[in-house]
Amino acid sequence: MKRIIAPKGTKDIFLPEIEKWQYIEEKIRGYFPRFLYKEIRTPIFEYSELFQRGIGTETEVVQKEMYTFKDKANRDLTLRPENTASVVRAAIENDLFNRVYPLRFFYIGPMFRYDKPQKGRFRQFHQFGVEVFGDESAQVDAEVIYSSYDFLKEINIKDIQLHLNSVGCENCRPKFLRDLEAEAEKKKNDLCIDCQRKIHTNPLRIFDCKNLKCIEISNDFPKIIDYLCEECGSHFEDVKSTLSIFKVKFDINSRLVRGLDYYTKTAFEISSNQLGAQDALLGGGRYNNLVKELGGADISGMGFAAGIERIILQLDDAKSKKGKMIFIAYQSLPLMNKAIQLAKSLWDKGYRAYVDYNSKNLKKQLKKANKIGIDYTFILGEDEIVTKSISIKNMKDYEQITIKQEELDKWLKNNI
Ligand code: HAM
């Protein structure tokens, strides 16, 4: 019979990679509450209009990447391509703006974009992210950026760069957009068809184009940073100076306009040198008008989201270990109960241990331990029982030592 496979751009996650997922999810839940974020979970599908209005109809995400479908009652629904619009919708709908303080949320979950799959790019991928509402200070922008940067450091992700920009506001952006449109119009014939259309619908999105020729041409286009009004300019200066208090290094990237329409003022991304084409580990920024545009009060927002698959690609194996695995082997069947007792004492202390109840011979047990990828095998033989000791075999280099039972706790502390 023909086998059924997972849809293109999705993947199953299991051992050994699942350990990295569990590690990172635990770290997220342990890290972000330190800034008083509380977890929020929103539905995986929403009315399509939420994303059309929230993200912007001219963005690549809305134009090309949404998984949109009709349900049996002909409702127009979309699998969420991102979570900021959903969190805003949830906060408005549940009146969280008046019920939760401080207004800080974090989330972890799957997102869906119909994009061309490649290394680090999937159709079902996972993000974690944070959103802060009702705080317009530049300092909170810097704190959010710092937390994203520091989190990556905390899980030992190396070789990262922070790119920073300001995309201005409704006061300074119109003049920039007019100049950008005029400049792009002059180069129209050299731009791709998509960019030609964007000139008059949403010229900012020309900067998202991945076509090399368009990138080269748009490098000479006006830069938003030169158009910032006084308020956006001083906000940007304060973000930068607060980032230096946090000791976070950054570069200014005037092309950084993010792929979503809701941003105002601060925009940022953290990329990795080790990832190749899909090098953005995370991105975010300030969005002061989104709550209002989705029918809520005039409340500002700031946040970021990170791609978990991309982080996992770079997660150091050693760091992701949840504790090494111990196999308890017994030399003969009568000693199996001793092995069970020893395993129970390890489980009680939170260690990972395994007893094979089915093989009667030591050699077979060691073979199994190897197959599982065990780190240490504890061996219980007649001699060990008589001398109240345990033999411990390191399964990486096969070195074996024997310790007294009373020394076990100390050994575990030092080695597991
Ligand atoms: P975004 O830049 O569209 O921002 O996505 C954030 C991160 O999700 C990216 O930097 C990347 O690591 C990951 N990502 C995006 N698409 C894919 C994909 N197809 N496969 C794998 N990973 C992917 C947002 O989604 C905003 N909601 C961030 C935000 C929160 N802004 C303010 N608050």
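**Figure 1. The whole chain of the predicted model.** Buried residues make up 51% of the 416 residues in the protein chain, and the structure shown here is a predicted model. The chain is built with 17 helices and 16 strands, and its C-alpha atoms fill a box of roughly 90 × 60 × 45 Å when this is taken along the principal axes. Among contacts between residues at least 6 apart in sequence, 69% join residues at least 24 apart.

**Figure 2. The cis peptide bond between Leu-15 and Pro-16.** Most peptide bonds are trans. Leu-15 and Pro-16, however, are joined by a cis bond, with omega at about -5 degrees, and Pro-16 is placed in the segment before helix H1 (17-31).

**Figure 3. The cis peptide bond between Tyr-101 and Pro-102.** Here omega is about -10 degrees, and Pro-102 has its place in the loop between helix H5 (96-99) and strand S5 (104-112).

**Figure 4. Asp-159 and its positive phi.** Most residues other than glycine have a negative phi. Asp-159, which is not a glycine, has a positive phi of about 65 degrees, and this residue is found in the loop between helix H6 (138-154) and strand S7 (160-166). With a relative accessibility of 40%, Asp-159 counts as partly exposed.

**Figure 5. Lys-247 and its positive phi.** Lys-247 is a residue other than glycine whose phi is positive, near 60 degrees, and it lies in the loop between helix H10 (230-245) and strand S8 (251-252). Lys-247 counts as exposed because its relative accessibility is 73%, and exposed means over 50%.

Key. Residues numbered from 1 in each chain as written. Predicted model: local features only at pLDDT ≥ 70, side-chain atom pairs only at ≥ 80, totals over all residues. Heavy atoms only, no water. Helix = DSSP H or I, 4+ residues; strand = E, 2+ residues; numbered from the N terminus. Buried < 20%, exposed > 50% of the residue type's maximum accessible area, 1.4 Å probe, protein only. Contact = heavy atoms within 4.5 Å.
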